[in-house]
Amino acid sequence: MAQSDIVSQEVKVSHANSTGKTKAFFRKHGIAYVFLTPAVIFLVTLLLLPFFSIFYMSFRSVNLLRPELQQFVGLDNFVKVISDPLFWSSLWHGLVWTFGSVTGEYIIGLITAILLHQDIKGRAIFRGIMIVPWVVPIVVAAMTWRWILNPDFGILNLMLMKAGLLKTSINWLGGTSTAMLTDIFVNIWRSFPMYTVMLLAALQAIPKEIMEAAQIDGANAWQRFCYVTMPNLKIVSVILILLHVIWTFNNFDFIWLLTEAGPLHATETFATNTYRLAFKQFHFDQASALAVIMILILVLLMGIYFWADSKKKAADTAA
Amino acid sequence: MKKRRLTLFTAGILLGSAILSGCSSSKSATGPSGNSAGSGKSEKVVLELWWPISPDQPSSKPWFDAVDLYNKEHPNVQIHTQSIPYDQLHDKLIASATAGNLPDVSVALNEWITEFNKMGLLPDLTSSLSDWPDKDKISKAIWATDTIDGKIVGMPQYIGIRALEYHKSMLEKAGVQSPPKTWDELIETGKKLKDKGMIAFGLCGKSVRLPQELVVYFWQSGTDIAKQMPDGKYRNTWAEDPEELKKAASVFQFYKTMLDQGIISKDEVNWGYTEMDTNLAQGKVAMAVDGPWLQRYESSNPDTMKDLEIAPPIYSKQPATFLEVNSMITYKKSKHQKEAIEFMKWWGSQEAQQVAFKNNSVRSDVQDPTKWGKNFTDLVEQGRSWPHVSLGKILQSMTDSVQMVLLNQKSPEDTAKWLSDQVNNSLKENGELSTSK
């Protein structure tokens, strides 16, 4: 038998084997693919298609009021969006809103998780109450806070004035200097319970022996917190913070319901500006360009984080 | 093996059915645009109607009664309503227009009509309405709001005219016997009320009502946010004409004076229409230019609403008020446009208007003799509405301009110049800016 015949036969055998393996694979897992198909179809239709259409529209002229002008315009939409004076203020507000909210949520979530981790009476009740803000629908929470903060009827101003802390009521949501801080405060109030629940679960998973060993070794409460508790909360914290940075940066409803991005755009973020461009001004092209920029900023932030994390890991391994 | 194939086959069938049922239109039930219920010879046309009327509100009952009456009188047509609040309705109509699944009929604010027409969504109803015998029962001023470039594109259904609503007893406490007629009189009356510790005047510092209030003050001063030019397009002329700029600046000066003199509360910059209506109904503010819908507050505030009276709106140079015309519109792509137009005609008939819009009918032969009807409809002749330009960005700029004066203390003249630029930029972006002299 010639060498080429042997090779050809080996290829055939290998091909037959691989075909057989493929058949066996699909015989075994075919049903899984069938049942996965609807989810994949919905995912493609409801997420991927709109996602790609945003990229597509960001390079075209799509003004619903001028349908005759639809054409490829290159980077024009990006230039228009970036040269708008609202762009930089929206970016700044978005960063303040995101990092202010996430920092506040994490600190309060951590404190409440540690408190609820203590062996105190009525712990189950406190844990139940703690979750209430998070389960309240956003629209209900926002409307309730609007009334609480109202300068004419709101209970907050009334309480502060009765306590002698204020002489006259403050228009919390209506002042350019207070609106963003108030939005952040209300957002922290609503979102911190999720941190509490997740961090509490992580705290409960820390073996008691480690704490006891640290205590025997002479570590005080602060040292135990810094060198035992926090390192054990790292994975949960990273996931929580990453998810919340994305959710908060993209958040539209809370700001819109509380301040409608005002007064005088003092709480305008990319999310509210995108909505305004698309649904109030019908510039779907510029709205898409802004949405693409939002995606790029988030990807950049995530990229920086993972790059820094991998550098740190490499340094730790080397050490 | 057979069992496995059977399982796969069954799963495939189930998947296929699910996809087909998900993708199929709901024409046999209540899907948008062109549905039919039942089958056979007596096929019923189902008209999909999107409106902001909630079945939970007692005040909505007359609307639903009118629809029920229509369904009863027209056995071959079924009106299927979908309740969507105003803000969402606008956004949903835009989204549906891009997706091509608009309803057969919807309610529309006057601000939306020009936009929808520019998007090419609205059919020309002029010929369909030319032989409608009731056409003259609706005044020309009202028809004008639904007429663009000589074409009728909507059917007016009710009006919301603004008047000065005031608490007589509060004015009397300050020694004022009659309501102010002009801006200057308002300032004088306001000072007296302020001295007695009352908030004299209510206005909206945000929400859709702010631009509606602001534009009326421009009209009263003899100017407009956009003037139609000889080429048929529009332009704001404040920056090029010092006289016009002076008129526009006087409006912002009026806002500034009211704030500086304490005629309005500094918190009013945060008032939307809900806050303003509530404060007026509860007697926390003595006067406001508001609409007849305040009647709804009478049941919940019987004591504080007892002394509320209606007078013509204050003005500076010439009387003017905001004529809000709410309309029914149909769409070019409706598969049942003929039935939709017939329904809209019926909706404008005396029979329907008497059921649904006793207080605020567009018809001259449906009048409410009480203060909530007649006192407002008497003002129709001085009523004006928006120029037929795309208002999206302009409305936002108008809101910003008032907030600049109230919050940032920007000078009235600079604010007017800024607003002029914003209006012309918006007109330019939308191809509506006139270049003619």
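1. Chain B and chain A together bury about 3,200 Å², buried area being the accessible area (1.4 Å probe) that two parts lose on being put together, summed over both; carbon and sulfur atoms account for 58% of it. The contact (heavy atoms within 4.5 Å) draws on 39 residues from chain B and 36 residues from chain A.

2. This is a predicted model, in which local features need pLDDT of at least 70 and side-chain atom pairs count only at pLDDT 80 or more, whereas totals for chains, interfaces and linings use all residues. Residues are numbered from 1 along each chain as its sequence is written, chains are lettered from A in the order in which they are written, and side-chain values use heavy atoms, with hydrogens and water left out.

3. Between chain B and chain A the count is 1 salt bridge, a term that requires a side-chain nitrogen of Lys or Arg within 4 Å of a carboxyl oxygen of Asp or Glu. Arg146(A) and Glu275(B) form a salt bridge, with their closest N and O atoms 3.4 Å apart.

4. On the side of chain B that touches chain A, the elements giving two or more residues include helix H1 (2–23), helix H11 (273–281) and helix H16 (392–408), helices being DSSP runs of H or I with at least four residues, numbered from the N terminus. H16(B) gives the most to that side, with 8 residues.

5. Of the 437 residues of chain B, 56% count as buried, that is, under 20% relative accessible area (1.4 Å probe, protein chains only). The C-alpha trace of chain B spans about 90 × 55 × 50 Å along its principal axes.

Definitions and conventions
Buried means under 20% relative accessible area, exposed over 50%, partly exposed in between (1.4 Å probe, protein chains only).
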